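Here is a short briefing to read alongside the model. Please keep the structure open as you go.

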Amino acid sequence: MEQMRNLQLLDGDEGQMCVNTEWGAFGDDGGLEDLRTDIDREIDAGSLNPGKQLFEKMISGMYMGELVRLILVKMARDQLLFQGKTTPELLTTGCFSTNHIFTIESDNDEEGLASSKKVLRSLGLDPTADDCAATRRICQIVSTRAAHLCASTLAAVMRQIRDNKAAEKLRITIGVDGSVYKNHPEFSRRLNKMVRRLVPDCDVRFLQSQCGSGKGAAMVTAVAYRLAAQHTERQRILDTLRLSREQLFEVKRRMTEEMARGLSKQTHDQTSVKMLPTYVQSTLNGTEQGDFLALDLGGSSFRVLLVQLKSEKKQKVDMHQKIYRIDQETMQGTGEELFDHIVYCIADFLDYMGMRGASLPMGFTFSFPCDQTKLDEGILLKWTKGFKASGCEGKDVVMLLKEAVQRKKVCTFEMN
């Protein structure tokens, strides 16, 4: 799949297109002349389309057997094989098939040499052991060259895809079809090995295709069309969520206006931003020191913390905490049960810290809607977050906590 902006043959630069490289014609413009041999030129000259599909004639199963035959003929005429003898069969175009290469390049050396001898005898030759070994070596060189040429072109395509994606490492699956890849005992291994050597920064997986390239291209195009439609729909939805700079400034202006209205006695009841007072008159200045207990209730868990402030050259803060679960039964039982459980957790924490019975200043974060008129008073207006403990709504939660502490006689504290 190629970005449209890189397709100079077509107008438009939006989206992607499935591209058939037709790389069998690679080199038709002379780009492979320094790699083509006299044997390659002889193959081309004897083909039905001289000067065309030059790369295909170097790699495909249609021509691989003929390449081997022409090499055998040349070496025989150069007195390098078969005592310099040729036969009418050896001189016949197409008599050495690519299937012969498959059998000669058997994984087992003895079987491969035996196959070589059998094939050569079928061509009217009387080969020696050296002739059989040389023929086997010629088959290996021709098929290895084909595998390495395929690997180099695949590496170029993968680089292009990786650059399009601007990815540091490309993960890709390559579907492969063809009789050479399926039937040759070593071709797939040689191809895979060379691809990984040429593109070590790509994670490559080869998958043997069970259908022709035409079906594969159609399927890729169909999937790409579906993905493009999904991308367009996603963009349509996401575009409604994108705000311009002017819209963001408008939100800022409205928020500022609502906060100002919330701070005013005259308009406080009319604004959507209520601006509740905290009764905290000042913040830390760095001179504070001592031990403080902090409680946090706001969901299915309850947190107890010991905060230790140490005033040194630079104020140091140490915190210790434990988190306690509040089960559903406690959340929806009575208020007395809930606050007794809270006090039980405080007692357990003080035991854990070795401070049972200590007298400490304490802060209570109670994350539910409250009407707060003092720093140490908050009237629970309504339970939220799944809490339904009875006898609490309309009550001062600080007082409910104090009463539970007095019942359990756990510690004394000054509430803030």
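The side chain of serine 47 reaches the backbone oxygen of aspartate 44 at 2.6 Å. This is a predicted model, in which local features need pLDDT of at least 70 and side-chain atom pairs count only at pLDDT 80 or more, while totals for chains, interfaces and linings use all residues. Residues are numbered from 1 along each chain as its sequence is written, and side-chain values use heavy atoms, leaving out hydrogens and water.

**Around serine 47**
- Serine 47 sits in the loop between helix 1 (38-45) and helix 2 (56-59); helices here are DSSP runs of H or I with at least four residues, numbered from the N terminus.
- Serine 47 is buried, with a relative accessible area of 14% (buried means under 20%, exposed over 50%, partly exposed in between, using a 1.4 Å probe and protein chains only).

**Nonpolar cores**
- The largest nonpolar core has 53 residues, and Leu72, Phe96, Met158, Leu191, Val195 and Phe206 have the most contacts inside it.
- Helix 6 gives the largest share of this core, 13 residues.
- A core of this kind is a set of buried Ala, Val, Leu, Ile, Met, Phe, Trp, Tyr and Cys residues joined through side-chain atoms within 4.5 Å.
- Valine 195 touches Ala151, Leu154, Met158, Val204 and Phe206, not counting residues up to four places away in sequence (contact means heavy atoms within 4.5 Å).

**Helix 5 and helix 6**
- Asp109, Gly112, Leu113, Ser116, Lys117 and Leu120 in helix 5 meet Asp131, Cys132, Ala133, Thr135 and Arg136 in helix 6.

Methods. Helices (H or I, at least four residues) and strands (E, at least two) are DSSP runs, numbered from the N terminus. A polar contact is a pair of N or O atoms within 3.5 Å; within protein, one must be able to donate a hydrogen and the other to accept it, and residues adjacent in sequence count only if both atoms are side-chain atoms.
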